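The structure is shown first.

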Amino acid sequence: MSNTEKEDGSMNSTATPATGTRTTSLGNVATASAAARARSEQPVGSGLEARNVHAWFGKYHAISDMSLDFPTGTVTALIGPSGCGKSTFLRTLNRMHEFIPGAAMAGEVLLHGKDIYAPGTDVTKIRLKIGMVFQKPNPFPSMTIGENVLAGIKLAQLKVTNKNDLMEECLERAGLWNEVKDRLNQPGGSLSGGQQQRLCIARSLAVRPEVLLMDEPCSALDPGSTLKIEETISELAKTMTIIIVTHNMQQAARVSDYTAFLLSDGGPGQIVEFAPTREIFTRPKDKRTENYVTGRFG
Amino acid sequence: MTPVTAVSPIKPWRPTRRDYIVQCGILVGSFLASYLVIENTGFAGRLPLVIFFGIFAITSLAILSGMKRGKEAAKDAVMAGAAYTGIFALLLPVASILWTVTSRGTAAIYSGFFTTDMSQDPFSSTLDVGGIKHALIGTIWLIVIALIISVPLGILTALYLTEIKGPGSALIRFLVQAMSGIPSIVAGLFIYSALISGTGRGFSGFMGALALSILMIPTVARTAEEVLKLVPPDLREAGLALGATQWKTVALVVIPAAKSGLVTAVILGVARIAGETAPLLFTTGGADDTNLNPFDGNMGSIPFYIWKALIDGSPEAASRAWAGIFILMLAVLALFALARFLSRAKIVK
């Protein structure tokens with residue numbers, strides 16, 4: 001195991017300069033993406049897999065025939081203009097889509113090869129394994145910072161032997177521990193927006209999900225907080241699968257191993273291109289992807 | 001580096017002393033002018049005085065700001081004057097009620113007022129005997145039983161409408177709204193005809209509480225629904241995304257987030273029923289002696305006490321009625337103040 005990792009590492013170090021020569025204006029992007037790629041080539045098991053997923057709101061066909069593979073331990077970014085179905089697709093991945101009145105879907109979402117939409121599936125267990133961080137920070141207002149982190153334990157009625165250790169570990173992983181360790185008893189709403197979002201990440205981590213879905217987690221935050229959350233994402237990606245929706249293409253380039261470009265040409269949103277991030281940003285195969293990532297439209 | 005001179009904070013946007021003097025002058029002038037009009041024309045009395053004062057004051061203030069800042073400012077002053085008139089017209093009757101009840105309601109209150117009942121003395125006896133012990137106990141029983149019945153039913157109804165959104169939600173919402181418009185005497189008659197008349201059961205405090213519950217449930221349900229609607233949908237999604245069931249999300253996230261508002265809903269419900277008299281006449285039967293058992297026998301209550309004292313006719317009985325009104329008013333006032341306090345406390349953004 002360690003041998004293969006070393007080999008992968010050496011392969012990466014040789015690959016990096018090659019990537020650099022290929023790029024012109026997006027040189028820094030490619031370097032960052034290559035660093036991210038080092039993670040992606042760690043040995044992986046079967047992670048999350050979407051197969052021919054469609055989604056509807058009433059009669060409105062929102063996304064059509066989306067198939068994507070999210071190997072364990074990778075970060076996948078979903079990019080595309082507003083209304084292309086990024087968030088809808090994300091919400092089908094942990095069965096949050098069904099809470100919208102009139103929602104319908106087709107296709108399969110496989111977690112370790114098992115369809116999460118199969119009859120008899122315990123949906124609450126699915127959402128424990130596939131956590132979610134929302135666009136707007138939403139700490140529970142009636143709980144303190146500490147209680148917010150452990151809220152999932154209480155909500156899902158899990159047993160934990162040492163709650164304080166878990167709280168510290170989750171806040172540490174979310175990059176928030178040093179800022180809040182002396183004020184764990186203050187309400188969650190007393191934190192700044194960026195801190196609240198990291199608190200929400202810590203809250204998601206406490207139930208030990210295998211996959212974390214992030215729906216534009218930085219769109220309401222300032223650049224400093226965004227940077228901190230991106231560092232958190234890179235840290236988390238060592239142990240879990242992350243799927244992030246973002247409007248910020250630099251962010252996609254910085255944090256993700258793979259990128260999917262989604263687009264709706266008037267009809268339902270579809271996947272135009274899915275490839276390793278550096279390829280999407282340096283030599284996209286589809287003209288529409290190229291136009292989008294270079295800022296010519298969207 | 002230049003030395004920093006001490007700067008004291010000022011508020012340049014505030015009216016100056018001169019503005020205040022001019023405004024006071026206008027108000028005094030308007031009052032004098034309207035007084036002269038009343039004295040020298042056919043108009044007489046306090047109401048025309050107030051009306052003329054309002055007309056003069058608003059007109060002259062409008063002209064003043066019109067001269068200073070133009071036509072739009074004059075319109076602004078007229079609308080501001082109209083708003084002040086509105087608040088004055090609203091506060092006047094409230095202040096008058098408070099003053100009347102307080103000044104007349106204290107005459108009958110003496111040291112034994114809360115510890116004796118009216119079983120030994122008629123309402124026309126002197127004011128140093130008898131009291132409202134029986135009525136206080138009755139009202140407390142009525143409210144406690146009505147609370148036990150209405151709060152769970154009202155809040156569960158609200159949860160059905162906001163969380164489950166199950167079949168018939170629109171119809172239920174409509175019916176709850178229609179129910180809150182039911183005249184209170186109809187609630188009393190309903191309990192009387194359905195549960196008392198012809199069944200062999202007599203009057204009791206419990207029957208009264210049932211009638212009051214019919215009035216209280218819609219109030220609690222509607223207020224609770226409004227409060228639950230204010231809980232952001234994000235929070236529900238966050239709870240569900242953490243692997244919670246809907247019930248756990250409601251119990252641990254939604255209800256705590258709406259807690260202070262739900263307390264307000266309950267208190268508004270109590271304030272709604274505390275002063276009801278009509279439904280109690282058919283259901284509790286009313287009593288002058290202390291009855292500790294709400295399930296058996298006639299029971300007194302403060303509204304019944306007031307009603308009985310008022311129809312007695314003697315001056316002593318009238319004083320007792322005012323005292324009852326005073327106690328009831330204080331209780332309702334305290335409840336509303338408590339509701340305001342609890343709904344303000346611990347607001348976390």
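Which residue in β9(A) does A77(A) stand opposite? The residue facing A77(A) is T259(A) of β9(A). The coordinates come from a predicted model, and every value below was computed from them.

Chain A contains 13 helices and ten strands. Of its 298 residues, 51% are buried. Among contacts in chain A with a separation of 6 or more, 69% are between residues 24 or more positions apart.

Strand β9 of chain A spans residues 258–263, and five of its six residues are buried, so the strand is largely enclosed by the rest of the structure. β9(A) pairs in the parallel sense with strand β3 (residues 75–79) of chain A, over four bridges; the A77(A) and T259(A) positions lie opposite each other in this pairing. β9(A) is also joined to strand β10 (residues 270–276) of chain A, here in antiparallel fashion and by six bridges. In that pairing, L262(A) is opposite I271(A) of β10(A). The hairpin of β9(A) and β10(A) has six residues between the strands, and G266(A) adopts a positive phi near 90 degrees there.

**An open sheet in chain A**

Four strands of chain A form an open antiparallel sheet, ordered β2-β1-β4-β5. β2 (60–70) and β5 (114–115) of chain A each have a single partner strand and stand at the edges, so one side of each lacks a neighbour in the sheet. Within this sheet, β1 (residues 48–57) and β4 (residues 103–111) of chain A run antiparallel and are joined by eight bridges. F57(A) has A103(A) as its bridge partner in β4(A).

| Strand pair | Sense | Bridges |
|---|---|---|
| β1(A) and β4(A) | antiparallel | eight bridges |
| β3(A) and β9(A) | parallel | four bridges |
| β9(A) and β10(A) | antiparallel | six bridges |

**The contact between chain B and chain A**

Chain B contributes 20 residues to the contact and chain A contributes 27 residues. Together the two chains bury about 2,000 Å², with 69% of this area on carbon and sulfur atoms. Three residues, E237(B), A241(B) and L242(B), account for 30% of the area that chain B buries against chain A, more than any other three residues.

Which residue of chain A forms a salt bridge with E237(B)? The partner is R91(A), and the closest N and O atoms of this pair are 2.6 Å apart. Two salt bridges are counted between the chains, and two residue pairs are found in polar contact across the interface, both at pLDDT 80 or more. On the side of chain B that touches chain A, the elements giving two or more residues are α8 and α9 of chain B. α8(B) gives the most, with seven residues. By class, this side of chain B comprises eleven nonpolar, four polar and five charged residues.

Helix α9 of chain B (residues 246–257) also has buried positions: K248(B), T249(B), V250(B), L252(B), V253(B) and V254(B). The cover over the buried residues of α9(B) comes from both chains, and includes α6 (151–155) of chain A as well as α4 (133–164), α7 (205–229) and α8 (233–241) of chain B.

S30(B) lies in helix α1 (residues 17–40) of chain B. With a relative accessibility of 4%, S30(B) counts as buried. Its side chain reaches the backbone oxygen of I26(B) at 2.6 Å. Apart from neighbours within four places in sequence, S30(B) contacts F53(B), F56(B), A57(B) and S60(B). The C-alpha atom of S30(B) is 56 Å from that of P152(B), a residue 122 positions away along the chain.

Q196(A) is placed in helix α9 (residues 193–205) of chain A. Q196(A) is likewise buried, at a relative accessible area of 14%. The side chain of Q196(A) reaches the backbone oxygen of G189(A) at 3.4 Å. G189(A) is also among the contacts of Q196(A) beyond four places in sequence, together with P137(A), P139(A), G188(A) and L191(A).

Methods:
Residues numbered from 1 in each chain as written. Chains lettered and ligands numbered in written order. Predicted model: local features only at pLDDT ≥ 70, side-chain atom pairs only at ≥ 80, totals over all residues. Heavy atoms only, no water. Buried < 20%, exposed > 50% of the residue type's maximum accessible area, 1.4 Å probe, protein only. Contact = heavy atoms within 4.5 Å. Pairing = 2+ DSSP bridges. Buried area = accessible area lost by both parts, 1.4 Å probe. Salt bridge = Lys/Arg side-chain N within 4 Å of Asp/Glu carboxyl O. Polar contact = N/O pair within 3.5 Å; in protein donor to acceptor, adjacent residues only side chain to side chain. Nonpolar A, V, L, I, M, F, W, Y, C, P; charged D, E, K, R; others polar.
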